[in-house]
Amino acid sequence: MSKIVRTMSSILSLFIFVYGSYIIMHGHLTPGGGFQGGAVFASGVALLIVAFGSQNLHKSLKEHHLSILESGGALIFIGLAFGGIATVFFYNFLVGSPIFGHIPPPGPNPGDIWTAGVIPFMNLAVGLKVIAGLSAILLVMALATTITEVEE
Amino acid sequence: MDKLITHSPILIIAIPLLAAFLTPLISRVNEKARDVLVITTLAFVEFLVIILARDIYANGIHIYTLGASSPTLTIPEQYMVPVRIILEVDAMSIFMGIISATVSLAAAVYSLSFMKEETGRDRFYTLLLLMIVGMFGMEFTGDMFNLFVFLEIASISGAALAAFRTRFTDAVEGGFKYIIISSAGALVVLFSVGIFYAQYNLLNIAALAQVIQYTMLDKIALALLVIAFAMKLGGVPLHMWVPDTYAAAPAGITAMLVVSSQACMYALFRVCFTLYGVTLNMATVGWIVIILGMLSMFVGVTMAIPQIDIKRLMSYHAISQSGYMLLGVGVGLAVLGNPEALATYGREAMSGGIFHIINHALYKGLLFLTAGALFYRTGTRDLNKMGGLGHNMKFTSIFFIIGALSISGIPPFNGFASKIMIYESVYRFNPILAVIAMLVSIITLASFTKAFQSAFTGPQLPQYKDVKEAPRSMLIGMGILASIIIFFSLFPGLIVGWIVYPAADALINQAIYISAVMGG
């Protein structure tokens, strides 16, 4: 793509990444969460793939690194679920603790990010998995289309 | 130990899930370590299933509430209904759990050698473990929406596994058909879950069963659920995917797809007996299930006769055998409202059908594994091209004989034990049904005689002179299933008393299932 497109995509993709991260981190307060934020984040990757071409992006972004990240996200999620096994699987063991441990007041409130215990971490883990998974899918599909073009 | 039993319902689901995402990481370090991890995980799950089963037979239904402050706290204070995800494991669920755990352990051991030449085996084992998670989830869950989620997990991973050997075009076709059928089925299930939620604001099966009215909408939901699960289990008008998918999948996976279809059959029974139960118009739905079973039985076996592809032949027999289970349990469903008929023959028919589920999983799993061993050594599934393989593959032919005699219902094998229960009790319900079932069994024997004769007997063929016995891990996988079949054949009465009657009673006694969650 032209230099204008590439420059604009590099700048815009940063904003998309920030917005995606925001949706992931506010998952327990506002609409959205790990999956939705991860999808937004991956759309930034899609923008980069379109602007720079999958071959170029593949030099710095390898799908097997992404697959490690994906497994890591899943493992963090299950690990957090196992963290509560002393009481019950999926038990929210961080409520009342200093980390994300506040109990929100009932009724309408401006939203306290420091609440919900393990849920923000689980959103983060799901977000990580979705970012890595969707980016890997996009990257591999984009690479595959370039290969067939060469063959034809 | 008590702690382990308390948490075992979730551990049986969560440990394979954890292992599924560990395998790709460990494969990078060491392939051997990954194989060890997969087998140890499945062996540990088998152990957990057995200790949980012992506890359930001694102490009744096991409840596990996720995320609560205590595993048995199903209804939190200030609430009237259960809000959390609840796993409810009764004798029927754990019966299916035993099947899934055993067959998947054998299939995984078998796959160690069978998949040795394939690339991307880290993904193979991830998908395999995920499929096991899906099956256990469907069997243990006490929540309609969760049932849908686990159905999706089992379906997607099953489809990916069926299409795993993408260098064969028929594998891709089989996987594609499976994913189409599964997605359509799962969406229909989701739609009916939506109908329940809209009417009753509930998703928990026990809570729904308590308040269900059998309104017009409930009837629509029941029809949708029956269609979706009949499609997934390969009942006859909706069986077109079975031969393609089963034949093209790797042999170990075919054995697991059989169990996965049976998990869908379990879901069908759970919906009919536990969710609708006494509110249902039993005779009508029972007859629908019986007719579905009769059609599957007869069409499946007649379609099997002309097959020359050994795995397609076995796949049509899988359809035909699932007809027996539907027939047995359908008779139980038809007389559920009539306590006298239920006591004299209904419970016996259901037990026969349920016993046939485990027998079928074992011998059909074994037969598919032997077919895979033949393919592994000869490179063909065409019966006309095989011959004289009994000379070189002695163990495989013995395993094939065990499976074939068992599926044809020859005494003293376990297939006979469950079929005689079905014949005797169904005869008292309707003699014609029993006669057709016996006829189907005879045709099955004829068809397997043909398969055995063309593959194993006869003079040694020159092109198969150097064929060796199947590799050791494949023999171990087949040996596990064969030895369990022999054990079941020797002590059928013991098995029926231990695990089959409790399972049938668990389906009949809807009230116990409800009160375990709702209390009182």
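Predicted model: local features only at pLDDT ≥ 70, side-chain atom pairs only at ≥ 80, totals over all residues.
**Contact between the chains**

Between the two chains, 16 residues of chain B are in contact with 15 residues of chain A. On the side of chain B that touches chain A, helix α1(B) gives the most, with nine residues. That side holds eleven nonpolar and five polar residues, and no charged residues.

**Packing of α1(B) and α4(B)**

Within chain B, helix α1 (residues 2–29) packs with helix α4 (residues 121–140) at an angle of about 170 degrees, and their axes are 8 Å apart. Because angles over 145 degrees count as roughly antiparallel, α1(B) and α4(B) are roughly antiparallel to each other. From α1(B), the residues in this contact include Pro9(B), Ile12(B), Ile13(B), Pro16(B) and Leu17(B). Among those they meet in α4(B) are Tyr125(B), Leu129(B), Leu130(B), Val133(B) and Phe136(B). By class, the residues of the contact divide into 15 nonpolar, four polar and one charged.

**The strand pair**

Strand β1 (residues 62–65) of chain B is covered on both faces: His62(B) and Tyr64(B) are buried on one side, Ile63(B) and Thr65(B) on the other. Strand β2 (residues 86–89) of chain B runs antiparallel to β1(B), and four bridges join them. Opposite Tyr64(B) stands Leu87(B) in β2(B).

**Helix α8(B)**

Helix α8 (residues 216–233) of chain B has 18 residues, which at 1.5 Å a residue should span 26 Å; its end C-alpha atoms are 26 Å apart, in agreement. The buried residues of α8(B) include Asp218(B), Ala221(B), Leu222(B), Leu225(B), Val226(B), Phe229(B) and Lys232(B). The helices listed below are among the elements that cover the buried residues of α8(B).

| Covering helix of chain B | Residues |
|---|---|
| α6(B) | 169–200 |
| α10(B) | 251–276 |
| α11(B) | 282–304 |
| α12(B) | 310–334 |

Just after α8(B), Gly234(B) takes a positive phi of about 80 degrees.

Ala451(B) lies in helix α16 (residues 431–456) of chain B. With 22 other C-beta atoms within 10 Å, Ala451(B) is buried, because the cut-off for a buried residue is 20 or more. Apart from neighbours within four places in sequence, Ala451(B) is in contact with Ile310(B), Leu313(B) and Leu383(B). Leu383(B) is 68 residues away from Ala451(B) along the chain, yet their C-alpha atoms are separated by 6.9 Å.

Note on methods: Residues numbered from 1 in each chain as written. Chains lettered and ligands numbered in written order. Axes fitted to C-alpha atoms, helices over the stretch in contact; angles between N-to-C directions. Helix = DSSP H or I, 4+ residues; strand = E, 2+ residues; numbered from the N terminus. Parallel < 35°, antiparallel > 145°, perpendicular 65-115°, else oblique. Contact = placed C-beta atoms within 7 Å. Nonpolar A, V, L, I, M, F, W, Y, C, P; charged D, E, K, R; others polar. Buried ≥ 20, exposed ≤ 12 C-beta atoms within 10 Å, placed from the backbone. Pairing = 2+ DSSP bridges. Expected span 1.5 Å × (residues − 1).
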